[in-house]
Amino acid sequence: MDCKLEERTIICVPGQRLCASDENTVAGHGTYERGGYIYTVLTGNVYIRKENMTQFIEVKPLGMETIVPTVGDVVTAKVTVVNQRFLKCQIFCVGHKILNRSYRGVLKKEDIRSVEKDSVEVQKCFRPGDIILARVLPLTELHHYQLTTAENELGVVMAISKNDSTYVPMVPISWDEMQCPETLIKEYRKVARIVSENQ
């Protein structure tokens with residue numbers, strides 16, 4: 001296999017558009033493709049790795065790797081605000097990696113479930129303080145990430161009952177309910193179905 005690495009003296013920052021993508025120019029490590037262009041997710045130097053007829057556009061980090069959420073990533077976030085149309089949250093993990101700083105996320109009512117979207121009540125799915133798993137959607141806003149929980153594996157993974165002063169985490173009892181193990185109080189949530197990595 002013919003493989004060659006070419007360094008460009010270009011320093012880039014997360015979200016920066018690097019070049020157009022095509023069948024011979026594709027995203028590699030530290031980059032992603034969206035809308036026909038290649039963008040960086042890291043702060044670092046741009047490299048072009050050539051294998052046969054394909055160029056892989058890659059970014060090698062400067063010092064410590066900076067991770068930012070990208071389209072398709074599963075993120076962990078804490079719900080901060082809930083209203084009738086959407087919720088706001090702070091993203092603090094991407095996959096298994098804890099971020100150096102948090103990022104703002106928004107989950108709209110229509111992106112909570114894949115079915116019965118019209119009957120979704122945001123307050124019956126999430127509450128402030130809940131820890132959720134969500135997937136990053138293509139960016140449409142500059143100041144926050146659009147999220148979705150419209151998959152069985154996404155939703156609330158940890159919650160405290162609003163009536164519980166002891167801060168005991170509730171346990172899931174169905175796909176839309178959690179229960180405090182001490183007070184036995186039940187509350188509605190959009191529960192994530194946690195799948196073991198061994199399965």
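Predicted model: local features only at pLDDT ≥ 70, side-chain atom pairs only at ≥ 80, totals over all residues.
Trainee: How many aromatic pairs does a search of the whole structure find?
Mentor: The search finds 2 aromatic pairs.

Trainee: Why is the pair of Tyr-32 and Tyr-39 called stacked?
Mentor: The planes of Tyr-32 and Tyr-39 are 20° apart, with 5.6 Å centre to centre. Stacked requires centres within 6.5 Å and planes under 30 degrees apart, so the term applies.

Trainee: What makes Tyr-32 count as buried?
Mentor: Its relative accessibility is 15%, and the cut-off for buried is under 20%. Tyr-39, with a relative accessible area of 13%, is buried by that cut-off.

Trainee: Why is the pair of Tyr-103 and Tyr-145 called edge-to-face?
Mentor: The angle between the planes is 90° and the centres are 5.9 Å apart. Edge-to-face needs an angle over 60 degrees, so the label follows. Tyr-103 lies in strand 10 and Tyr-145 in strand 12, 42 residues apart. Tyr-103 and Tyr-145 are buried.

Trainee: How do you know that the charged end of Arg-34 sits over the ring of Tyr-39?
Mentor: The distance from the charged end of Arg-34 to the ring centre of Tyr-39 is 5.0 Å, against a limit of 6 Å. The charged end of Arg-49 sits over the ring of Phe-56, at 4.4 Å from its centre.

Conventions
Residues numbered from 1 in each chain as written. Heavy atoms only, no water. Phe/Tyr/Trp six-rings, centres within 6.5 Å; stacked < 30°, edge-to-face > 60°. Buried < 20%, exposed > 50% of the residue type's maximum accessible area, 1.4 Å probe, protein only. Helix = DSSP H or I, 4+ residues; strand = E, 2+ residues; numbered from the N terminus. Lys NZ or Arg CZ within 6 Å of the ring centre and 35° of its normal.
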